[in-house]
Amino acid sequence: MAGPALARTAALLLIATATSALAGEPPNPVCHADVHRAGNFDLRQIGPLIAGTWTEAAIGTSVAIGVQESTFEIIYDRNRNRLYLGSDGIQTELVPVRGGNKPLRFDFVRGEPMDPQFYMLTSTGSEPGAEPWEWALVQDCQIASAPQFEWQFGSGARRSDGIISFFSANEAMGTKRNSARGVREQLISR
């Protein structure tokens with residue numbers, strides 16, 4: 001879903017969002033400034049909306065060059081009021097980010113912005129990459145209000161972690177890193 005296909009999808013979603021707003025439909029229940037503030041949201045409301053199977057696309061590095069696609073599950077445990085991220089038979093907790101959302105497209109390992117070659121969300125032509133806040137707006141979401149979660153698998157030399165911001169019940173975006181110091185952007189949808 002890179003390049004022109006993503007631009008077309010974004011345009012269609014923008015039209016759909018504008019149409020639903022004109023039709024008087026309720027605002028995006030996952031991410032809306034009037035309902036949620038970053039770090040201050042109710043998992044009992046959001047958990048059931050984002051639980052289920054998701055597909056991610058991310059640019060590969062090292063031996064796995066090119067766009068990689070994979071699926072994962074988000075599990076909402078109503079009894080514990082917690083969210084879990086599951087993939088390949090293992091799972092870890094999705095921990096809500098508190099005190100304001102962390103920036104996407106930032107390499108926290110190196111302490112610098114992510115290299116643009118690992119952006120999945122791009123514009124067509126010679127323009128720089130589209131910005132995450134633009135993709136959020138297409139979803140009727142202000143990026144600062146997007147419920148954001150951190151996750152981590154493994155530790156030490158076999159660690160991967162990341163951040164996911166949910167822009168709607170069907171669209172999210174994230175940044176993931178691994179112990180080999182690779183960092184890349186994820187486009188996540190279902």
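Reader: If buried means under 20% relative accessible area, with exposed being over 50% and partly exposed in between, what share of the 190 residues in the chain is buried?

Author: Buried residues make up 43% of the chain, which has 190 residues in total. Please keep in mind throughout that this is a predicted model.

Reader: OK, and what pLDDT does the chain average?

Author: The average pLDDT of the chain is 78, and 73% of the residues score at least 70. Over residues 1-12, however, the pLDDT is below 50, although this stretch does have 14 contacts in the model beyond near neighbours in sequence.

Reader: How many helices and strands does the chain come to?

Author: The secondary structure comes to 3 helices and 10 strands. Read from the N terminus on, the elements run α-α-β-β-β-β-β-β-α-β-β-β-β.

Reader: In what sense do strand S3 and S4 pair?

Author: Strand S3, which covers residues 82-87, pairs with S4 in the antiparallel sense, and the pairing runs over 5 bridges. One of the details is that Ser87 has Ile90 in S4 as its bridge partner.

Reader: And how many residues lie between S3 and S4 in that hairpin?

Author: The hairpin leaves 2 residues between S3 and S4, and in the turn Asp88 has a positive phi of about 50°.

Reader: Switching topic, which residues does the disulfide join?

Author: The count is 1 disulfide, and this link joins Cys31 to Cys141 with an S to S distance of 1.8 Å. The link of Cys31 and Cys141 is right-handed, with 65° about the S-S bond. The pair links distant parts of the chain, since Cys31 sits in the loop between helix H1 (4-22) and helix H2 (43-50), while Cys141 sits in the loop between H3 and strand S7 (148-153), 110 residues apart.

Reader: Is Cys31 buried or exposed?

Author: Cys31 has a relative accessible area of 0%, so this residue is buried. Cys141, at 2% relative accessibility, likewise counts as buried.

Reader: How many salt bridges does the count come to?

Author: The count comes to 7 salt bridges. One of them is formed by the side chains of Glu56 and Lys176, which meet at 3.0 Å, N to O. This pair links distant parts of the chain, with Glu56 in strand S1 (residues 52-60) and Lys176 in strand S9 (residues 171-178), 120 residues apart. Both Glu56 and Lys176 are buried.

Reader: Which residue does Glu131 form a salt bridge with?

Author: Glu131 forms a salt bridge with Arg105, where the closest N and O atoms are 3.8 Å apart. Glu131 lies in the loop between strand S6 (112-113) and helix H3 (132-138), whereas Arg105 lies in the loop between strand S4 (90-96) and strand S5 (106-107), so the pair ties together parts that are 26 residues apart in sequence.

Reader: Why does Glu131 count as partly exposed?

Author: Glu131 counts as partly exposed because its relative accessibility is 34%, which falls in the range between under 20% and over 50%. Arg105, in contrast, counts as buried at 6% relative accessibility.

Reader: What about Arg105 and Glu185, how far apart are the closest N and O atoms in their salt bridge?

Author: In the salt bridge of Arg105 with Glu185, the closest N and O atoms are 2.5 Å apart. This pair also links distant parts of the chain, as Arg105 is in the loop between S4 and S5 and Glu185 is in strand S10 (residues 183-189), 80 residues apart. Glu185 counts as buried, at 1% relative accessibility. Salt bridges that share partners join Arg105, Glu131 and Glu185 into one network.

Reader: I was also looking at Arg177, so where does Arg177 lie?

Author: Arg177 lies in strand S9, and with a relative accessible area of 8% this residue is buried. Not counting residues up to four places away in sequence, Arg177 touches several residues, among them Phe106, Phe108, Val109, Arg159, Asp161 and Val183.

Conventions: Residues are numbered from 1 along each chain as its sequence is written. Side-chain values use heavy atoms; hydrogens and water are left out. A salt bridge is a side-chain nitrogen of Lys or Arg within 4 Å of a carboxyl oxygen of Asp or Glu. Helices (H or I, at least four residues) and strands (E, at least two) are DSSP runs, numbered from the N terminus. Buried means under 20% relative accessible area, exposed over 50%, partly exposed in between (1.4 Å probe, protein chains only). Two strands pair if DSSP finds at least two bridges between them. pLDDT is the predictor's confidence in each residue, from 0 to 100. Contact means heavy atoms within 4.5 Å. A disulfide is a pair of cysteine sulfur atoms within 2.5 Å.
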